Amino acid sequence: MILGLFYLVGLTLFLMTGIHVASAILMTALVSDYFTLQILPSMMGNILWNTMNEFLLVAIPLFILLGEILTRSGVADRMYGALAAWLRWLPGGLLHTNIVTSALFAATSGSSVATAATVGTVALPTLKSLGYQERLVLGSIAAGGTLGILIPPSINMVVYGALTETSVGKLFAAGIVPGIVLTLIMMGIIVVMSLLKNVAPKDERKALALAQRLKLLLDILPVALIFCLIMGSIYLGWATPTEAAAAGVVGSLVIAAANRTLSIAMLHGAFLAALRTTAMVILVVMAAFVLNFALSMAGVPQMLSEYVRDLHLSPMVTIWALVVFYLLLGCFLEAIAMMVTTVGVVVPLVVSLGFDPLWFGIFMVLMMEMALITPPVGLNLFVVQNIRLSRGHITDVYIGALPFVLAMLVLVALLIYFPGIVLWLPHQLFT
């Protein structure tokens, strides 16, 4: 237990210095190893090589590139306009469009930050001109963006699969139903808030004829095709997740060409942005593998499992304790850092208590979603603050996102007491 606390305190102290997350993780592993086994210096080369030689991780830059190309191809703009024509009659009006556009774009992006930035750039000018309450607009964009890591494909699920040797295809399938449920819960919260107080002005624009709205559905087709291409090729056994990601990139290029937005300048911007994001993610993952190796060799996961068993806590009490733990951790750590620094210890613990690692993967992704919109370090909050049109304080984004944190907590409770929400679809597709 002392050794486990040493790792936790050491990592916290390194993070408080403000150095890069990957550097903090790696230094924690090295310093801890120096006072224990002293085997990392001779083993690190093999660990890093084996990490980077993992074929599954190639999917990460491909999914990031896919999202960048679609972002720059004008797909989100057209999709937002099509959904607005269909959803603006609901209480809350175009706030629902923010959530549903985020959900659909998440089905191709794999990144919460890309989803929030793309939908925010499209939605904010329209909603501001129509007089919507700014706080809830900002909150709905930040929260909707989190769907980018729950609805497949998801970069975070690829990382979890690589760290825990869990099937990424099954993780993708497991995220579909919870993603749809969370989208509906978020929309329900918007309806309730709209009925209780005036958060959305009455839309005075003339409704489009049915024929026009049906025609606008064609603007949703590109996203649907990319989603079917990626997920269909995986579930039909035609491609691995990495190969499916490559097929998705090719499909996005075809869509960009059809939209007449494909150019050398656009590709340069997409590749450069994808390169920066990939470098950040892979560096953190490499450092996490080193830390997980050090933890495993020191016996920390096994020790923690035995300690929890000796406490004689029920599995439900333990999992709710993990909810509180991740809520607190998410206030200070970025989402993917939160995953890679805890998965090596927590997953063996929950598996020893009888939880399915596939179910826990979706649980962990959901807790990471909350980390993206909980202050003070919620990454999506900063993204939305940076793209907002007014120069208000970031507390507006904090307050606007709080109702959607409640929506995620509702889904957490549903997943804990009804695990079939996660496990039903994977069992149907892979048995």
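This briefing covers helix packing, salt bridges and selected residues in the structure above.

The model is predicted: local features require pLDDT of at least 70, side-chain atom pairs count only at pLDDT 80 or more, and totals for chains, interfaces and linings use all residues. Residues are numbered from 1 along each chain as its sequence is written, and side-chain values use heavy atoms, with hydrogens and water left out. Two salt bridges are found in a search of the whole structure, a salt bridge being a side-chain nitrogen of Lys or Arg within 4 Å of a carboxyl oxygen of Asp or Glu. Helices are DSSP runs (H or I, at least four residues), numbered from the N terminus.

**Packing of α6 and α7**

- Helix α6 (residues 94-109) and helix α7 (residues 112-130) have axes that come within 9 Å and cross at roughly 160°; axes are lines fitted to C-alpha atoms over the stretch in contact, and angles run from 0 to 180 degrees between N-to-C directions.
- This angle makes α6 roughly antiparallel to α7 (angles over 145 degrees count as roughly antiparallel, under 35 as roughly parallel, 65 to 115 as roughly perpendicular and the rest as oblique).
- The crossing in which α6 passes α7 is right-handed, a term for the near helix being turned clockwise from the far one by less than a right angle.
- On the α6 side the contact is made by L94, N98, T101, S102, F105, A106 and S109, and on the α7 side by A114, T115, T118, V119, A123, T126, L127 and L130; contact means heavy atoms within 4.5 Å.
- Sorted by class, the contact of α6 with α7 comprises eight nonpolar, seven polar and no charged residues (Ala, Val, Leu, Ile, Met, Phe, Trp, Tyr, Cys and Pro count as nonpolar, Asp, Glu, Lys and Arg as charged, and the others, Gly among them, as polar).

**Packing around α18**

- The axes of α17 (335-352) and α18 (357-372) come within 11 Å and cross at roughly 150°.
- α17 and α18 are therefore roughly antiparallel to each other, and their crossing is right-handed.
- In this contact, A335, I336, M338, M339, T342, V343, V346, V347, V350 and V351 of α17 meet P357, F360, M364, V365, M367, M368, A371 and L372 of α18.
- The α17 contact with α18 holds 17 nonpolar, one polar and no charged residues.
- Helix α9 (residues 155-164) also packs against α18, with axes that come within 10 Å and cross at roughly 135°.
- The angle makes α9 oblique to α18, and the crossing of α9 and α18 is right-handed.
- From α9, N156, M157 and Y160 meet P357, F360, G361, I362, M364, V365 and M368 of α18.
- The contact of α9 with α18 has eight nonpolar, two polar and no charged residues.

**Salt bridges**

- E68 and R72 form a salt bridge through their side chains, at 2.3 Å from N to O.
- E68 and R72 are four residues apart in helix α4 (residues 59-72), so about one helical turn separates them.
- E68 is buried at a relative accessible area of 13%, whereas R72 is partly exposed at 34% (buried means under 20% relative accessible area, exposed over 50%, and partly exposed in between, with a 1.4 Å probe and protein chains only).
- D396 and R135 form a salt bridge through their side chains, at 3.1 Å from N to O.
- This pair links distant parts of the chain, with D396 in helix α20 (residues 395-417) and R135 in helix α8 (residues 134-145), 261 residues apart.
- D396 is buried, with a relative accessible area of 14%, while R135 is partly exposed at 38% relative accessibility.

**Selected residues**

- R72 is in contact with T261, M266, G269, A270 and A273, residues up to four places away in sequence not being counted.
- N156 is buried, with a relative accessible area of 7%, and touches I149, I336, M339 and M368, not counting residues up to four places away in sequence.
- L353 is found in the loop between α17 and α18 and is buried at 18% relative accessibility.
- Neighbours within four places in sequence aside, L353 is in contact with P315 and T318.
- L353 and V119 are 234 residues apart in sequence and 40 Å apart in space, C-alpha to C-alpha.

Definitions and conventions: Helices (H or I, at least four residues) and strands (E, at least two) are DSSP runs, numbered from the N terminus.
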